[in-house]
Amino acid sequence: MHLHKYEKIWLVFGLGSLALFLLIIGFAAFWKGTHPQSHIETIDPQNVEAHESFKPENLGLREVADGKYIVNIVASAFNYDIGSDDAGKPVKTIRVPKGSTVLFQVTTKDVVHGFQVAGTNVNMMVEPGHISRLETVMKNAGEFTVVCNEYCGIGHHQMFATVEVYDE
Ligand SMILES: [Cu+2]
């Protein structure tokens, strides 16, 4: 079989880029440990309350050690359930001191949602059946808006909360 010179060049280029990209993916996945935020940890989306972290009384912010916090959140169309305050009103603001380490644990009961704390490096996809986890250090003080960045339906724009990082 005779191949034209240019055809050969293109073949080598095409196969070469394919091999290169597979190498990059392999390097990221197996060497750097890059993987989806769900960490392949599963949960029954129909019964998220069965999981210790997502029992209604365990939702919201909890200080687990000095300067270390965990926030448990259940997303659903079209709300972030961050627990309720003493008066029984839904919590919409998470307040943590500057420099604290915060582990966000989020799951969803229905469809795919997003969990982005705008202005920080927290940006996760939240999939039904999975628990999305991300730990971060709140380096800057300010008010950061939590937004759903996966279009989840008609009330998508109503999904929000606030993370307030205050100076101590
Ligand atoms: Cu949403």
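The mean positions of the 13 positive and 19 negative charges of the protein are separated by 9 Å. In this count Lys and Arg are positive and Asp and Glu negative, with His and the chain ends left out; each charge is placed at NZ of Lys, CZ of Arg, CG of Asp or CD of Glu. The model is predicted: local features require pLDDT of at least 70, side-chain atom pairs count only at pLDDT 80 or more, and totals for chains, interfaces and linings use all residues. Residues are numbered from 1 along each chain as its sequence is written, and side-chain values use heavy atoms, with hydrogens and water left out.

**Overall architecture**

- The protein contains one helix and ten strands, where helices (H or I, at least four residues) and strands (E, at least two) are DSSP runs numbered from the N terminus.
- Along the sequence, the order of these elements is α-β-β-β-β-β-β-β-β-β-β.
- The protein is more spread out than a compact globule, because its radius of gyration is 21 Å, well over the 15 Å that the globule rule gives for 168 residues. The radius is taken over C-alpha atoms, and the rule is 2.2 Å times the number of residues to the power 0.38.
- Taken along the principal axes, the box filled by the C-alpha atoms is roughly 80 × 35 × 30 Å.
- Domain 1 covers 1-35 and domain 2 covers 48-166, with bounds that come from an automatic or database domain assignment.
- The C-alpha centres of domain 1 and domain 2 are 40 Å apart.

**Surface and contacts**

- Of the 168 residues, 34% count as buried. Buried means under 20% relative accessible area, exposed over 50%, and partly exposed in between (1.4 Å probe, protein chains only).
- Among contacts (heavy atoms within 4.5 Å) between residues at least 6 apart in sequence, 60% join residues at least 24 apart.

**A cis peptide bond**

- The peptide bond from A77 to F78 is cis, with omega near 5 degrees.
- F78 is placed in the loop between β2 (68-76) and β3 (79-81).
- In general, most peptide bonds are trans.

**Selected residues in strands**

- R62 belongs to strand β1 (residues 60-65) and is partly exposed, at a relative accessible area of 37%.
- Apart from its neighbours within four places in sequence, R62 contacts K68, Y69, I70 and N72.
- T101 lies in strand β5 (residues 101-108) and is buried, with a relative accessible area of 17%.
- Neighbours within four places aside, T101 is in contact with G67, K68, Y69, E135, T136 and V137.
- V147 is part of strand β9 (residues 142-147) and is partly exposed, with a relative accessible area of 29%.
- Beyond neighbours within four places in sequence, V147 contacts Y80, G114, F115, Q116 and M159.

- D44 is located in the loop between α1 (5-31) and β1.
- D44 is partly exposed, with a relative accessible area of 43%.
- The C-alpha atoms of D44 and Q105, 61 residues apart along the chain, are separated by 15 Å.
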